[in-house]
Amino acid sequence: MQSTDTTLSDKHFVLATDLDGTFLGGTEDDRKRLYDWIEAHRDTVGLIFVTGRDPQFIEHMCHDGLPWPEYVIGDVGTTIAQVVDKKVSPIPALETEISKLWGNAGHQVRTALAAVPGLTLQETDFRYRVSYDYDPDTFDSGAHDIIGSMGLDTLVSDNRYFDVLPKGISKGPSLRLLANHLNIAHRRLLAAGDTMNDYSMLALGVPAVAVGGSEPALSERLRDMNHVYHAKAIGAAGIQEAIAALNLHPNV
């Protein structure tokens, strides 16, 4: 089922969630329980995916039964899109600064990091990022300096992934931009994640949850932030635990 109402400012509650390990995490029963709850409350619940995944992957997953979101922040924050007719359609007005900051950096990044040990280039040709599989045992940390000298950011997450991003762009800034654009009251949001590439959105100051099983480095960075709920339950169950604990929806 796909909601056709994209006026998220009128929703009682909006879930802005990472996918892998978070919305897709936990048992099959946990996921079904959360997904069914969302579908049963589409009139009052909005859904935003905030993920490292690309639009094509998201469309494929939703066609296979994942609840359709109204909006998507994909590619670790470098894609900001609305779901229209079951297509993830980038919003050019919200991507202007991202495009400007990235320019034509893709080829330069791939060339500069081609010989760096511990990095294996991912095959997907992203628009405003370059991503690698990461081996911490063989990685040369000088890669961070190489990318920094190019005016770009690096992000290591889950001790498995190495992303090169436009300066200052990640999940958090893009979520703030989208929420402000849509006039979503920040108190009605719940940002949910589990790895370091979720840190910038969980640290925004909006209600947030680090689901059970989160990357230890993420949990430690968030430890003293009072707006962040640390769930015991894994993945999807951790999201529902947080919605109830933070009293974000009357029917959870």
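Biologist: What covers the buried residues of α10?

Modeller: The cover includes strands β1 (13–17), β10 (189–193), β11 (208–212) and β12 (228–234), together with helices α1 (19–23) and α2 (28–40). Contact means heavy atoms within 4.5 Å; helices (H or I, at least four residues) and strands (E, at least two) are DSSP runs, numbered from the N terminus. This is a predicted model, where local features need pLDDT of at least 70 and side-chain atom pairs 80 or more, while totals for chains, interfaces and linings use all residues. Residues are numbered from 1 along each chain as its sequence is written, and side-chain values use heavy atoms, without hydrogens and water.

Biologist: Why is α10 largely enclosed by the rest of the structure?

Modeller: Buried means under 20% relative accessible area, exposed over 50%, partly exposed in between (1.4 Å probe, protein chains only). Eight of the eleven residues of α10 (residues 235–245) are buried, so the helix is largely enclosed. Among them are Gly 235, Ile 239, Gln 240 and Ile 243. After α10 comes Asn 247, with a positive phi near 55 degrees.

Biologist: Which residues have the most contacts inside the largest nonpolar core?

Modeller: In soluble globular proteins, nonpolar side chains tend to be buried together. A nonpolar core joins buried Ala, Val, Leu, Ile, Met, Phe, Trp, Tyr and Cys residues through side-chain atoms within 4.5 Å. Here the largest has 45 residues, with Ile 48, Val 109, Leu 113, Leu 119, Phe 162 and Val 164 making the most contacts inside it. Apart from that core lies another, of 29 residues, including Phe 23 and Val 209.

Biologist: How many residues of the chain count as buried?

Modeller: Of its 252 residues, 50% do.
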